[in-house]
Amino acid sequence: RYFGWQFIGTGTTLGEDRRIVENFSLNGLLGLPFLIGLIGMAYHFKKDWKHASVLLVLFFMTGIAIVLYLNQEDPQPRERDYVYVGSYMAFAVWIGIGISAILEWTRDVTKKFPPVQQLALLAMICALILILPVKTIALNYNSHDRTGNYVAYDYSYNILQSCEPDAILFTNGDNDTFPLWFLQYVYNIRRDVRVVNLSLLNTPWYILQLKHQEPKVPISLTDETIENLTPRLLPEDRRLVRIPVSREVYKEHMEEVLVERKDMGAKLEEAPEITFELKPTLMGQALRVQDLMILNIVQANRFRRPVYFALTVSRQNQLNMLDYLRMDGLVFKLVTYPEERVSAVNLQKNLFEKFQYRNLADSTVYYNENIKGLLRNYQGAFFSLAQYYAREKEYEKMTAAFDKLDEVMPTSVIPMRHDLNYQIGFMYYQAGNEQEFRRRLEQNLQSGILGLEERIRYATIFSQLFKDNEKAISIAENVLAVNPDFNQAYYWLLSHYYNLQKYEEGISLLNDWLDRHPDDKAARQQLDQFKQLASSKTDSDTTVTDTVEQNN
């Protein structure tokens, strides 16, 4: 699959997981680089089999052997074609040799015609340039052009701006760590925020850096203990964690909450501490070094400095502290109270005033699927803010949040997950805007990525909520056109034909079904029933018509 992308062609059809469906395609390259590479390999073995064998070993060991050795699980978090770049370079050498072989063959064929020889060689060189570098550039330029793409800078900037001064920020991996370090140490942006990478937090040298280098992270362990840290078993009786909170910090946090919620004043008098139950993260029995260090840092800090987790940190890496994590932007803040999952004040300020969204509304800038997946975190943040306003019945603010999202990142540039688009539409419906809900349902239907069961659910919505039976039946009929044997669509459509007294349509549907399922006795009984009903309706209509004519 990956070798084919480089030298044969690349498919263009995306599946539900937004990955290319075709494992083999001639699109774009027409297989020409591959054919020239085969010519070069054959020519190489013919001229110098020993040297060619060395190149073959390089090709095998950096390609097929890696496949066999790694035995990667499917699916991977992202496409892994870069893993095999060594084998691609080896094959590229054969392409070069293949070009030499073709030119040599052209020279030999035309050597009896000297006036033609130079012209033929020139024509062949031009042809090879067109079918190799020029065609490859034409195919790949758009997807490799980074003009106007500020995602790495802006996303990292927005993470840092989500944090309060002197914060400790736990990050997950490369994507939400290295760009932040770049902004801090190259552009001197928010160097007060201490970025703590969870992957590196398993290593003693990195923990020692955090402890001793400015801005220092509060760690209560001695250097000797850090040097000898290993994963630790987690007994059942030691899974409940209690972290005391000073009354000053607790009062400060609660006063911040009172700005948004007026009904929490009584909480100020409660004994401040946070409690949560640890769950094993290593083989179902132990805690990793990074888990031990998160606990130590949080306990040693005692909320003197704000602590955050990047939005991309998994729940497992948050040590089951979900009840105390509050979304403030592209980060979750560790707070001393479990009541609120969103700070509407901070989230609104960050999303509307602090964040940068350069060119996310520009359809001419190329964003690959990984980047689009990352950018959907913005959509999730706006949705969380709007959801908060919807719960508070502040529908104008809810609409303003969605309007801002459409302004900075329209779905025409960064497509939205269809389930999120549905939820947003339903929130509009609850706010009294039925038309917007319907528009978003239509948008999802046109995307072509909805499953068959989901389309039938949409048909039910059009029928029951919008009273649009014509549209509902059209959706179900389209589902059956895709899969004529899909039971759910068949029974749904048959039921609606019955309720709407569309008996002739029901008879046609049943006949089609029985053509494919002749042994379905229930369908035959239903066919007889529909025929009787159709006949009764015809007789009734005739009687009514005769009565009207007699009266006239």
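Two strands are taken to pair if DSSP finds at least two bridges between them; helices (H or I, at least four residues) and strands (E, at least two) are DSSP runs, numbered from the N terminus. The structure is a predicted model, in which local features need pLDDT of at least 70, side-chain atom pairs count only at pLDDT 80 or more, and totals for chains, interfaces and linings use all residues. Residues are numbered from 1 along each chain as its sequence is written, and side-chain values use heavy atoms, with hydrogens and water left out.

Strand β1 (residues 168-171) pairs with strand β2 (residues 194-197) in the parallel sense over 4 bridges, and F170 stands opposite V196 in β2. Strand β7 (residues 307-310) also runs parallel to β1, joined by 3 bridges, with I168 opposite V307. From β1, I168 and F170 point one way and L169 and T171 the other, and all are buried (under 20% relative accessible area, with exposed over 50% and partly exposed in between; 1.4 Å probe, protein chains only).

In helix α13 (residues 344-354), the buried residues are A344, L347, N350 and L351. Seen down the helix axis, these residues fall within an arc of 140 degrees, so they line one face of α13; the arc is that of the directions from the helix axis to the C-beta atoms. Their cover, by contact (heavy atoms within 4.5 Å), includes α7 (151-161), β8 (325-327), α14 (369-391) and α15 (395-408).
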